[in-house]
Structure formats: structure tokens, C-alpha cells
Amino acid sequence: QVQLVESGGGLVQAGGSLRLSCVASGLTFSRYAMMWFRQGPGSERAFIGSIDRSGLSVDYADSVKGRFTISRDNAKNTVLLQMNSLKREDTAVYSCAAGREPSPYGPYDYWGQGTQVTVSS
């Protein structure tokens, strides 16, 4: 059974940092591109960024470029989302997804349940 489990969310003050993890099991992790999404209160789910299978190619949404960094460790079946200079508008549930290709549009084979990030002023 494939599982993607996010962790690392919580409450942080504006300007602070958080690092989210997404640990995969039940799949050959290195065969999948990984994506991060977020869904804020009353908002549609939004693409944050993607990383290819090797970790060499990373893409970001304009809203997080320069503040967020995606990386992966294939030996640990883990993809990370380092979030710096957090803003109130970054408050959302953050989820990871696995797909055959890095893409904001899909298709995606697997999703995690998400982890809540709340940024206070």
C-alpha cells in the first residue's frame, strides 16, 4: 500500500521558517517526480513546486520563488519543503503528490493527507 505522509507543519510567526517532510512508502520513490501543493482557507488547491526524479530539476510557483526550497533524498524516500520568510498568506494545508513527471497539472498517482501550516502576524 502506497503512503505519502507529510509532517513538520505547525504555528509560526510571520518571517519565520518551517521545514515540511513528505515520506513515501510502498513505491519505488526514485521513479517518481514529487510535487508540493497547498490549499488555504476558502481557496483552491495551488501548486507550489516540483522536483524531478533525480532532484536536479526543481520548479516553483512565482508566489514562493526565492523563499521556498524543495529537495529530496531518494535513499530516505523523502521530499522536503523548506519554507523561509513566511507570510500570513502562506497559511494553508500543505500536501505532497507523486507523479511520473514533474508538472503543475498532473496526472498524479498518489497524494498525502496534508499538514497544516499557520502563520501568525
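Guide: Buried means under 20% relative accessible area, exposed over 50%, partly exposed in between, with a 1.4 Å probe and protein chains only. This is a predicted model, where local features need pLDDT of at least 70, side-chain atom pairs count only at pLDDT 80 or more, and totals for chains, interfaces and linings use all residues. Residues are numbered from 1 along each chain, and side-chain values use heavy atoms, without hydrogens or water.

Visitor: Why is I51 called buried?

Guide: Its relative accessible area is 1%. Buried means under 20%. Therefore I51 is buried.

Visitor: What is I51 in contact with, leaving aside neighbours within four places in sequence?

Guide: Contact means heavy atoms within 4.5 Å. The partners of I51 include M34, V58, I70, V79 and P102. I51 lies in strand β5; strands are DSSP runs of E, at least two residues, numbered from the N terminus.

Visitor: What makes a nonpolar core?

Guide: It is a set of buried Ala, Val, Leu, Ile, Met, Phe, Trp, Tyr and Cys residues, joined through side-chain atoms within 4.5 Å. The largest one here has 27 residues. M34, W36, F68, V79, L81, M83 and Y94 touch the most other members. Strands supplying at least two residues each include β5, β7 and β8. A second, separate core has seven residues, among them M35 and Y108.

Visitor: How do you know that β7 and β8 pair?

Guide: Two strands pair if DSSP finds at least two bridges between them. Six bridges join β7 to β8, so these strands pair. They run antiparallel. The open sheet has the order β1-β3-β8-β7. Its edge strands, β1 and β7, each pair on one side only.

Methods
Helix = DSSP H or I, 4+ residues; strand = E, 2+ residues; numbered from the N terminus.
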